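Hi,

Here is the structure you asked for. My notes on its voids follow.

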Amino acid sequence: QPSGGPGSALMLALVPEDVLAAPPSREDGIDEDSEDQLRRFGANLIQRAGVLLRLPQLSVATASGLFQRFYFRKSFAEFEVRALAMASLTLASKLLEHPRKVVDVIQVFYKLKMREAQEQDGSASFAGMPTPLLDPTKKEFHDAKKELLSAERNILRELGFEVHLLLDHPHRYAIEYIEHLQRPAELTQKVWNYLNDALQTSLCCAHQPRNIAGASLVLASKELGVNLPSKPPWWETFGVQIKDAELIANEMEELYQKKRPEYIEIPRRKREVFEPMTPFPSPPSGPGKSPSEEDDHVDGETSLARQDSNIDLEGLEEAMAQSVAALARAKEGSPQRERPGEDKKEKLVENKLAQEQPQNAQHERSAKDRKKRDRQSEGSQSPKRKNAKKPEAAKKNSLKVRDRERRAKRSDLSSSSASRRKR
C-alpha cells in the first residue's frame, strides 16, 4: 500500500519472463523484428490519434499499455493492428472518464490511414489537400465499427477485466520526483518526452513504472547536464532500483537508433472450426433423406446410420414393439385403480363450477335488468322535456293577458277623467 511519499507505489503485475521471451506471435511465424515494428507502429498510431481527439496524455499512456499487454496474450495474426489500436484508445478514454464517440474514433483513424496512402510513384495520395472522411452509410464503416467493438471485448476478456490496475503510469512518478528535487522545468519537459517515446516499447509490461520514471530522469539529467543528489542517493529516496533503471535507459537509447515504424500486413489466421458432436464415427457422404425414403430403402446398405453404428437397431425395434404391446395388454386386462385423492379433487372442482354457474347467471340477469332500466329512464326523460316547455309558454301568455288588462284599465281611467273635466 502507498504511504504517501514520492517513492511509495503499488506493485504492478508484470508479464512473465517466459512470455516476454516467446510471445504468441512466434507461433504464427512472425519474427522479433516484425513484431517490434508492429508494436511501435500501433503505439505511434495511438499517440497521433490521441492528439487529434484531444485526449489527455495519461489516456494515451493507458491505451498504449493495453495495446502492448494484449499482444502478449494474442498474436498479431489474430487481431489487426489498427483495429486493436482503435479499441485500446476507446477503452482508455472510458477508463479515465474522457470518453470519445466511436464514430469520431473511426473517422480519426481513417484519416490517419489515408494520410499514409501513397501513389505508385511513392508520393502521398492526399498531399496538399484535406483527407476524406468515411461515409457512415458504407459497408466499410460498419465493418470497422464491428471490428472495433469485437477487439474491445477481447481486450477486456484477455486481461481479465482488471484494466483499472493498469492506470499506474511512470508519468506521475516522474513529476513527483522532479517536484521533490526542485529542478528546472526544462528537465520536466525532457523527462516527459522520454516517457512518451517509451510507450512505443514493451517496457511497461516488463518493469515497474517507478523504475521507468527513474530511467527517464537519468537520461534527461545526462542530456541537460543537471546533477542529481548523491548524498543520500536519489534512487534510494524514491525507491528506484538503479540497476533496473540503467537497463531501461539503455533500451530507450536503442529506440532512437531504429527507423520509423511502418505498417506490415500480416495474413490473418483462420478461425478454428469445431467438429460437431455426432453419434457417427464419420459424417454421411450423401444428401439427407426423408423418413419415408429411408423406409422405402431399408435393405442392405442404404441406411448410413445402420451401417456405421454398431448397435443392432432391428433387434432394438422389435424389443420396443413387444414392450409396447405388453403394456397395452396389461392396461386392457387390469381394472382401473381407485384414486381417492384425485377423485376428491375432481369433485371439489365440479362443486365449485356448479356454485359459480348460478352466480354467473345472476350477474348476467342483473346486468340485463340494469340495461333495461337505463333504456326506460332514457325513454321517460324525453316526454318530460317536451312537457317542460308548456309551463313556460303558459307563463308568457299570462303576462300578455295582464299587460292587456292594465292597458284597458288605463284607457278607462283616462276617459273617466276627461268626462269629469267636461262636467
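How do the residues lining the second largest pocket divide into nonpolar, polar and charged? Seven are nonpolar, four polar and nine charged. (Ala, Val, Leu, Ile, Met, Phe, Trp, Tyr, Cys and Pro count as nonpolar; Asp, Glu, Lys and Arg as charged; the others, Gly among them, as polar.)

Some ground rules. This is a predicted model, so local features need pLDDT of at least 70 and side-chain atom pairs pLDDT 80 or more, while totals for chains, interfaces and linings use all residues. Numbering runs from 1 along each chain as its sequence is written, and side-chain values use heavy atoms, without hydrogens or water.

Terms: on a 1 Å grid over the protein atoms alone, a cavity is a set of points where a 1.4 Å probe fits but cannot get out. A pocket is an open set with protein on both sides within 12 Å along at least five of seven lines. Lining residues have an atom within 4 Å of a point. Points join across faces, edges and corners; volume is the space filled by probe spheres set on them. Helices are DSSP runs (H or I, at least four residues), numbered from the N terminus.

The pocket first. Its volume is about 560 Å³. Of its 20 lining residues, Glu-32, Asp-36, Ser-202, Glu-251 and Lys-258 lie nearest the centre. Helix 2 gives the largest share, five residues.

Now the cavity. The whole structure has one of 30 Å³ or more. The largest cavity has a volume of about 220 Å³. Gly-65, Asp-168, His-169, Pro-170 and Cys-204 lie nearest its centre. Helix 3 gives the most to its lining, five residues. That lining has twelve nonpolar, six polar and two charged residues.

Best wishes

Note on methods. Helix = DSSP H or I, 4+ residues; strand = E, 2+ residues; numbered from the N terminus.
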